[in-house]
Amino acid sequence: MKKQEQDDSLTEIKKAREYLEESQKNLARLKSGKGVRRKLRFLLKENTLLVILLSILLILSIVIPVVFLRPDQIIVDPMQEHVDTTINLIFTNFTDNSGFPIINETLQTTSSELMILSSLAYALIAQAGFEHNQEDFQTKISQIINTLENDTFVTYENRSEPLPIFYQFLGLYTLLQSKYVLEATSDIISSAMIQNVLLKTLESYLSNEASLIIPPNSNSSYLIDQVMAIWVLSTYTLLTGNDWLSGYYFESLIQGLLDVVSEFFFNSTTNILYQEYNHSVNESRTLAEVENLIFFTVALSKAERLYTYFEKSSYNIHQQIINEFVDDKWFVHASNASDEEVYVKNQAYFILVSYLMNLGNVGIEVQNKITESFSMNNGFIEKIGEEDITCESCLYGLVALASKNWSVIENQRENVNIPTAASVSPISIYITVIMMLLVIKVWRKKIVIRRNW
Amino acid sequence: MKTVCVHSYKGGTGKTTFLLNIAGILAKQEKKILAIDYDLRAPSFQSYFKTTKQSFLSHYLLEEKDVNDIIFPCKIDERANLDLIFSSMEFLKQHSKQRDKLSRDDAKYLAKMYNLQKNVEKKYDFMLIDTIPGFFYRSIDSMMISDIIFLISTPSTSNVLGIDELCNNIYTMLQKETKMILIINKIEEEGVEADKEIFEENLAKLRKIGKDKFSAVVEVPYFNILSERIHAFEEQPQEEFLKSLQDIIKLIE
């Protein structure tokens, strides 16, 4: 009996010792902290190697995309001097007493088109990181936007005709850009204002029968109007994240417009784009000039990010422009690579579009040409071979100079989850998979430990 | 906050009397005290403080009640307050035997006591825990979370042997930071133990164990007859007893 008691006692003591040993581990875990902190400390203590490995992978997953896949850094362009002299020229020679831009020194009037272009150029320059008088720009942009907004862009008070549809959409694009310049100091451009102008534009020019932009009471529709609508609607969707407005669902509207381009303006057999379609005789007319293709390229590149479909990619069209309209010296011609029509406007828009499509190698070549051949007398000439400097040509010069830095900012703003080089790179996928496996391993280990409790 | 646990090898050593009197003296010094009856085998706070409350430590351990719902303030006099947690036999009914294998519940109870300690540590100066005598898991829990352990022993033969076992198997495994104090309660027992020689022999053994294996050894006069009373608040307190307790308090402050 006494031996039995002794055995029982020894068993009790042994159990107590085991319990104490186990409890010491448990208490150490408890003392190492609560919740996530406790688990992390526990992990660090009992899985040091695993934690070090995880930390290295975590750091690599951040560092590799940042170091190797980062977008071009925004640096202040050496074009600062060009920008300064051109702005000075516009402010001294091409601005009226009220501060509005004027067409030229002899024709001292303004126009909606010029006002839209000026506010666009100022907005791009203001965002591109050049040193300038920010307040001056903001005042001018506000003044112009106020005047235009009163007419909702559709008609300007001194006009006999409505604003061309191209400028109507360019005006909308300008509004979107100006908002980023003015939002810090003023609420002059509200989201509601942009939505109102967008709605009014769609109501005025979008055909009820088809997804087609067509001037009122016209038998013809134009490629440039369709592509401007596609560009603006895609940009609006990408920048704001809103794809719906008062009954208009933008992604289906954009796809409808692309279908219209395909049906009326594009011959897939001959690979030819036309700039006009006459609906009364069902005929496509006039080969598209470079301006049409430039805006079609940028429109398509933005629409592609919204997963719409067209028979050709934006890069195909961009390449088509280089093949057919750009000569060996990187001059962009209006109708074909051998004509004499080399305008600053087309250079500027092609630079802007190339940078927006991350085709900086093309953009920089054309930009070099513009500073070499169009920059004259502290401004920019309108056309190669002539010496006319107008407010408009200077503004195009500014657009060209701003494009490189501004396009980086513009592309970074887009809200939609667009597959980027960083997100789909093999390195990122590789790191993600390894991290997932390690997390599963740690999680399973933790469960086993908990069961031991 | 300091956590003090009072343990013994066997019952009847005056563990609860010792704890509550220490609590009483500290409370009279305006220290904030929480005393916990964790002697689940023989809960006895009710003998000192009449209560009709039906919220016990077991409710907290079994996650039926929050810690704040089981703490009861007890006003001893104008200035002194003592907060108490009572126990009932409920818990023991459900966990009457130590299992052969450790269960997750065992870790849970340790965690619950640790969390209780963390919850109250800013509110009190001392948390005093009365434990189950012997090698019980819940006693080990109390000792694990304590800064100071009082082991109370009488000079009986079984206690002397048991203390030795406790020292060799449990106390030596506890963290070095834990302060161990042996309290020798000089009870003269009846029968064989009443033999003066045996008493002196056991007392000598206890003193040796205390000297070899504890941070301090304190002998207190026989205070079994003083049980169920908190002498610091008595009109005619046992001065000798109180003085020995005050000496002990100096060791823990």
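**Close-up 1. Where α7(A) meets α9(A) in this predicted model.** On the α7(A) side, the residues touching the partner helix are Ile165(A), Phe166(A), Phe169(A), Leu170(A), Leu172(A), Tyr173(A), Leu176(A), Gln177(A) and Tyr180(A). Facing them from α9(A) are Ile224(A), Asp225(A), Met228(A), Ala229(A), Trp231(A), Val232(A), Thr235(A), Tyr236(A) and Leu239(A). Sort this contact by class and you get 15 nonpolar residues, two polar ones and one charged.

**Close-up 2. How α7(A) and α9(A) are set against each other.** Here we look at the axes of α7 (residues 165–182) and α9 (residues 223–240), both in chain A. The axes lie 8 Å apart, and the packing angle is about 20 degrees. An angle under 35 degrees counts as roughly parallel, so that's what α7(A) and α9(A) are. Their crossing is left-handed.

**Close-up 3. The packing of α4(A) on α15(A).** In chain A, α4 spans residues 80–93 and α15 spans residues 391–413. Their axes sit 10 Å apart, at an angle of about 155 degrees. That puts the angle over 145, so α4(A) runs roughly antiparallel to α15(A). As α4(A) passes α15(A), the crossing is left-handed.

**Close-up 4. The side-by-side residues of α4(A) and α15(A).** From α4(A), the contact draws on His82(A), Val83(A), Thr86(A), Ile87(A), Leu89(A) and Ile90(A). α15(A) brings in Cys391(A), Cys394(A), Leu395(A), Leu398(A) and Leu401(A). The tally for this contact is nine nonpolar and two polar residues, with no charged ones.

Note on methods. Residues numbered from 1 in each chain as written. Chains lettered and ligands numbered in written order. Predicted model: local features only at pLDDT ≥ 70, side-chain atom pairs only at ≥ 80, totals over all residues. Heavy atoms only, no water. Axes fitted to C-alpha atoms, helices over the stretch in contact; angles between N-to-C directions. Helix = DSSP H or I, 4+ residues; strand = E, 2+ residues; numbered from the N terminus. Parallel < 35°, antiparallel > 145°, perpendicular 65-115°, else oblique. Left-handed = near helix turned anticlockwise from the far one by under 90°. Contact = heavy atoms within 4.5 Å. Nonpolar A, V, L, I, M, F, W, Y, C, P; charged D, E, K, R; others polar.
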